[in-house]
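Dear colleague,

I am handing over the structure below, together with some notes on what was found in it. Please read the notes with the coordinates open beside them.

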Amino acid sequence: MPPFSTDILVAGVWRPGTGEPLATVDPATGQVLATVVSASAADVAEAAEAAAVAVEDPAWRDLLPHERARLLHRIAELTEEAAGELSAVQTADTGKTLAETRALALSAAGTFRYLAAALETAEDTVTPSRGAYVTVSTHEPIGVVAAVNPWNSPIASDAQKIAPALAAGNAVLLKPAGWTPLVSLAFGRLITRALEEAGLPTALLSVLPGSGRVVGDAVVRHPLVGRIGFTGGTETGRSIAEVAARKLIPVSLELGGKSPTVVRADADVEQALAGVLFGIFSSSGQSCIAGSRLFVAREIYDSFVGELVARVRTLRVGPGTDPKTRVGPLVHLRHRDAVAAYVDLARSEGARVLCGGAAPEGEEYAGGAYYLPTVLDGLPNTSRTCQEEIFGPVLVALPYDDEDDLVRQANDSVYGLACGIWTRDHRAAARIARRVRAGTVWINTYKQFSASTPFSGWKDSGLGTEKGRDAIRAYQRQKSLYWGTSELPLPWAL
């Protein structure tokens, strides 16, 4: 196991924070990995003020886009070189399997590489003239921006905000989740190294772990912060949106989900079974896009769900360091208990527990935040279990009668983040994909992502987008320039 960084990054300097001690726990054992002294509101203020100076430093302010792209490429290179170490740190901190955390580290590197390329080819626009002038639409950095991220996929979420923010010419205050700060701190060291190598101010990035009530609130409310990017729970997102509205600053919110995954009667059953299993039980269900509501055509419901349950029972539950593990521990015992409470709620609502529904027994699970992969049915889509985000390895199965019934139930949710469709009929797939109100729809696949493709949530699942070429523009302000071309005096010239 690599050594853990317990200093935090404040205004370009690695040092202990001045806030409360923050113990981060190995979800597989319940043992403390490290104690980080978190940031305080004073640390946030120091970081914001130094960031505001850094963005005006000519070494950064006057850097040409292709030169900023070179910095992003270097960060990607360092991330790839350190992928093994970053993976080990994130597995220790989150409980995810090493295969998944390595993929997340490489995804972070890919995000920086893609946005470096996008930056190289980004263009301002000479707009059509409507008079004796030349007009240009150009873009400039916002200044200091905030990135507030969750505990389930830290390094990928960090890259999705830091990369476009730096590409756009900003400085970033990163607030990682209190339960999982270690990989964000390790990632921050790589970015700091790249900044130092390039002779750029290290205060362009601060990594400020701590509680949401103290550090998160101080970050989003600081008057120098001109944009907020948040990934996390819907209610916290609403509070952040209110702060942004009062400050009149842009905000992007990636929030919760209760995503439907649909198996039509004509689906390739083997493909659908594998996809449904991966869609809900990878990451131990701790994913905003988890396919947590399974809708199966009534004529194949019993056979499909029966086979699904048989396969769920074979999934290996264990520590993320075991290559045979398919379902790792949940991030924290408190979260495991919250998931268990939802399954108890489902029982009270009349659900049948087809498998799982408890913590696994045995010495190897003692102390860890484990929960068995669980499949429920027998509930109406209107039940709380079917409507509220559980964020764990819990799948609820429901039959549907026809396409209209399917679409009605799938859309009967406050969320609209993602959807999966399993079918051999491309016309039906296209039709359903357009009718379901969600920002991302997968057809005969699930949980696939591309840095080049925008990601957004509808309804209570979010506001704004991440990823894609336009991610850079989301961290900039548009400005219009006019050049007069007439030699004649203006109408009011004296």
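How many residues does helix H7 have, and what distance does H7 reach from its first C-alpha to its last? In this predicted model, H7 covers residues 182-197, which makes 16 residues, and it reaches 23 Å between those two atoms, close to the 22 Å expected at 1.5 Å a residue. The helix is mostly covered, with 12 of its 16 residues buried; among them are Leu-182, Val-183, Leu-185, Phe-187, Leu-190, Ile-191 and Leu-195, and also Ser-184, Gly-188 and Thr-192. Just after H7, Gly-199 takes a positive phi of about 70°.

The other part to look at is an open sheet of 7 strands, whose pairing is mixed and whose order is S14-S15-S16-S13-S12-S18-S19. Strand S14 (352-355) and strand S19 (440-443) form the edges, each of them pairing on one side only. Neighbouring strands of this sheet are turned by 25° against each other on average, if direction is ignored.

With best regards

Note on methods: Residues numbered from 1 in each chain as written. Predicted model: local features only at pLDDT ≥ 70, side-chain atom pairs only at ≥ 80, totals over all residues. Heavy atoms only, no water. Helix = DSSP H or I, 4+ residues; strand = E, 2+ residues; numbered from the N terminus. Expected span 1.5 Å × (residues − 1). Buried < 20%, exposed > 50% of the residue type's maximum accessible area, 1.4 Å probe, protein only. Pairing = 2+ DSSP bridges. Axes fitted to C-alpha atoms, helices over the stretch in contact; angles between N-to-C directions.
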